[in-house]
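Subject: Structure handover

Hello,

Here is the structure for you to look through.

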Amino acid sequence: MSFPARIDVHQHMVPPVWAQALDARGLDAGGWAIPAWSPSSAIAMMDHQGIATGVLSVTTPGVHLDTDRDAGTLARAVNEYGAEVVKDHPDRFGQFASIPLPDIDGAVTEAVHALDILGADGVVLMSNAHGRYLGDPDFEPLWAELDRRHANVFIHPDQPPTPMLPGTPAPLADYPFDTTRTALNLVLNGVMDRHRNVRVILSHGGGFLPYVAYRFSGLTSTVVYPDRSAEDILRDLRRFYFDTALSASPSALPALLAFAEPGHVLYGSDWPFAPQEAGTYYNRFLETYPDFAPGQADAIDRANAEVLFPRLATR
């Protein structure tokens with residue numbers, strides 16, 4: 001690639017106020033250390049990896065670390081910091097604003113402020129909010145607000161409400177599991193059917209979703225909810241978008257491309273929590289994949305994201 005072209009929908013930032021809040025509480029990112037980060041180091045990485053624009057988000061554990069009040073304050077500080085980074089580098093960065101779930105009122109307030117006032121490109125939600133999954137009926141006011149705004153919603157995995165396996169940080173196995181869990185919860189609770197204006201992006205190729213989608217549709221329609229057809233379940237599962245972060249492998253990529261709707265696969269790096277060497281490792285698989293349809297590789301790198309983020313579209 002002769003010039004940076006990719007739009008990276010799964011790239012993280014580490015605002016100082018957020019890093020300080022985690023440190024004060026003895027928290028990390030699911031057993032992952034918080035790496036050094038700056039806009040300049042992000043741009044250097046992007047230039048090396050052929051990335052034109054990174055849509056930044058805060059990773060797990062998000063911004064709701066203890067009380068609702070503290071979560072609202074931290075979300076606002078994080079989002080204002082991100083807005084300044086985007087303002088300083090509008091062509092290089094976008095932002096998914098942080099939302100303080102499970103505080104419903106605070107989440108709606110911050111979503112409206114971030115989208116309407118700060119001009120965020122969407123919002124990021126953790127896959128569960130202190131053990132409550134995103135299809136929880138209490139979260140309906142947030143989904144309704146996001147639907148009214150035709151919002152982009154990036155779902156990042158969190159540690160599920162189960163103990164971590166000893167010696168196995170959550171990003172290795174628990175994160176793909178929790179992404180799959182919350183995606184199914186959204187579909188079975190009807191969120192994806194009721195709110196068709198929302199574009200929901202799942203991290204890491206959707207976790208295990210492409211591989212197990214037909215297990216979900218077949219068993220749901222015959223055992224769990226016999227009044228719902230397998231086709232309806234598959235339709236709602238296919239409404240998701242998927243990023244390629246850590247997932248463009250010879251085994252995962254064929255399953256993802258076989259399942260996802262055309263235009264629903266987007267490039268992702270997961271930097272800096274996945275180091276640059278990991279990005280190079282997965283980029284190699286993406287760049288040498290032999291079975292892309294004509295134009296499909298370029299669409300994953302950029303064109304599919306341009307539909308979701310029209311301000312980043314090539315002029």
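Start with the second largest pocket. Its lining has 23 residues, and Thr60, Pro61, Gly62, His64 and Asp158 lie nearest its centre. The terms: on a 1 Å grid over the protein atoms alone, a pocket is an open set of points where a 1.4 Å probe fits, with protein on both sides within 12 Å along at least five of seven lines; lining residues have an atom within 4 Å of a point.

This is a predicted model: local features need pLDDT of at least 70, side-chain atom pairs count only at pLDDT 80 or more, and totals for chains, interfaces and linings use all residues. Residues are numbered from 1 along each chain as its sequence is written, and side-chain values use heavy atoms, with hydrogens and water left out.

The second largest pocket holds about 390 Å³ of space. Volume here is the space filled by probe spheres set on the grid points, which are joined across faces, edges and corners. β4 (122-126) and β5 (128-129) each supply at least two lining residues. β4 gives the largest share, three. By class, the lining has twelve nonpolar, nine polar and two charged residues. Nonpolar covers Ala, Val, Leu, Ile, Met, Phe, Trp, Tyr, Cys and Pro; charged covers Asp, Glu, Lys and Arg; the others, Gly among them, are polar.

Now the largest pocket. It holds about 580 Å³. Of its 30 lining residues, Pro176, His204, Ala245, Leu246 and Ser247 lie nearest the centre. α6 contributes the largest share, four residues. The lining splits into 19 nonpolar, ten polar and one charged.

Next, the loop between β7 (152-156) and α6 (170-188), where Gln159 lies. Helices (H or I, at least four residues) and strands (E, at least two) are DSSP runs, numbered from the N terminus. Pro157 lies in this loop too.

Pro157 is buried, at 0% relative accessible area. Buried means under 20% (1.4 Å probe, protein chains only). Pro157 and Thr179 are 22 residues apart in sequence, yet 5.3 Å apart in space, C-alpha to C-alpha. Beyond four places in sequence, the contacts of Pro157 (heavy atoms within 4.5 Å) include Thr60, Tyr175 and His204.

Gln159 also counts as buried, because its relative accessibility is 19%. Its side chain makes a polar contact with the side chain of Asp174, at 3.4 Å. That term means N or O atoms within 3.5 Å, one able to donate a hydrogen and the other to accept it; residues adjacent in sequence count only if both atoms are side-chain atoms.

Regards

Definitions and conventions:
Buried < 20%, exposed > 50% of the residue type's maximum accessible area, 1.4 Å probe, protein only.
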